[in-house]
Amino acid sequence: MGSNSQPPSVINLPTSLEESRITALPPAAYYIADVISDEEEKAILQKVETAPKARWRQLTHRRLQTWPSDLVKNTLLDSRPLPDWLEQPVVSRLLSIPVSESEPHIFTNSPHSRPNHVLINEYPPNTGIMPHKDGGAYHPVVCTVSLGSSLCLNLYKSKDDGAIDPEPVWRILQEPRSLLITTADLYTEYLHGIEPLETDVNMSEDTIVNWNLLRSPELYKDGLNQRETRVSLTYRDVLKVSKLGGKLGPMFKK
Ligand SMILES: O=C(O)CCC(=O)C(=O)O
């Protein structure tokens with residue numbers, strides 16, 4: 001190892017998801033700080049960045065890719081498996097961690113027993129995503145791997161009149177190489193969003209619900225996180241997959 005080299009990073013998976021539970025949240029959410037190594041993170045980022053231009057959908061401030069394809073009327077038309085670089089190592093690790101003795105992994109009760117769809121979002125600093133719910137297209141388990149930079153995901157509640165209370169109920173800090181899993185009420189009852197900020201502020205063990213599970217809380221001891229570009233991989237199981245998927249023409253096979 002050269003004098004400037006960092007020691008290689010390690011992955012650190014719990015023997016049961018229970019060890020990674022964010023206990024301050026309603027059942028259930030889990031945070032694993034080191035789900036992939038530095039080298040794996042770099043390799044995935046390289047694949048994301050070198051994907052064909054047509055893969056990217058440019059929104060006003062953010063761009064995204066969908067794999068294997070977009071949904072049409074909440075249905076996955078392209079039933080091809082995920083590409084290998086999205087399967088390995090993330091999916092095999094997701095499926096290797098037991099939830100409990102009777103639940104061998106987090107997708108045990110989902111229709112396809114595994115994620116079949118990945119949304120890739122890229123957030124330069126000062127970019128976010130409006131508070132929203134993920135809706136009825138997916139089994140209510142969301143697995144998000146963060147790459148490149150840290151930021152805070154906020155959870156919001158609707159007020160009695162149906163409007164969103166703009167003050168987040170909870171904040172979760174997502175470090176690069178981490179996995180966040182949200183399920184159940186956090187999927188159906190609460191909204192999630194990311195504020196468009198250059199810097200996350202006022203972070204401490206009192207304001208960040210997963211502070212005790214962070215890899216490097218010391219990096220944020222001044223309460224600040226200067227954002228760089230963060231890429232997220234959101235793994236979900238789409239409930240409806242078209243039987244016609246295999247017979248589609250090239251226009252659907254972006
Ligand atoms: O990038 C993230 O962590 C959140 C993405 C998200 O909210 C979504 O795709 O619905």
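Let's start with a charge and a ring. R63 sits over the face of W56. The distance to the ring centre is 3.7 Å. Keep in mind that this is a predicted model. Now go to Y138. R236 lies over the face of that ring, 3.9 Å from its centre.

Next, rings with rings. How many aromatic pairs does a search of the whole structure find? Two. We describe such a pair by the distance of the centres and the angle of the planes. Take W67 and W85. Their ring centres are 5.4 Å apart, and their planes meet at 85°. Over 60 degrees counts as edge-to-face, so this pair is edge-to-face.

Where do the two residues lie? W67 is in strand β3, residues 63–67. W85 is in helix α2, residues 84–94. So the pair ties together parts that are 18 residues apart in sequence. Buried or exposed, W67 and W85? Both are buried.

Now the sheet. Strands of a sheet pair through backbone hydrogen bonds, either parallel or antiparallel. Here we have an open sheet of four strands, with antiparallel pairing. The order is β7-β12-β9-β10. Which strands stand at the edges? β7, residues 129–132, and β10, residues 170–174. Each has a single partner strand, so one side of each is left without a neighbour in the sheet. From one strand to the next, the twist averages 20°.

Last stop: β9 and β12. Residues 151–156 form β9, and residues 191–194 form β12. They pair in the antiparallel sense over three bridges. Find L155, and look across to β12: its bridge partner there is H192.

Technical notes. Residues are numbered from 1 along each chain as its sequence is written. This is a predicted model: local features need pLDDT of at least 70, side-chain atom pairs count only at pLDDT 80 or more; totals for chains, interfaces and linings use all residues. Side-chain values use heavy atoms; hydrogens and water are left out. Rings of Phe, Tyr and Trp (its six-membered ring) pair if their centres lie within 6.5 Å; planes under 30 degrees apart count as stacked, over 60 as edge-to-face and the rest as tilted. Helices (H or I, at least four residues) and strands (E, at least two) are DSSP runs, numbered from the N terminus. Buried means under 20% relative accessible area, exposed over 50%, partly exposed in between (1.4 Å probe, protein chains only). A charge sits over a ring if NZ of Lys or CZ of Arg is within 6 Å of the ring centre and within 35 degrees of the ring normal. Two strands pair if DSSP finds at least two bridges between them. Axes are lines fitted to C-alpha atoms, for helices over the stretch in contact, and angles run from 0 to 180 degrees between N-to-C directions.
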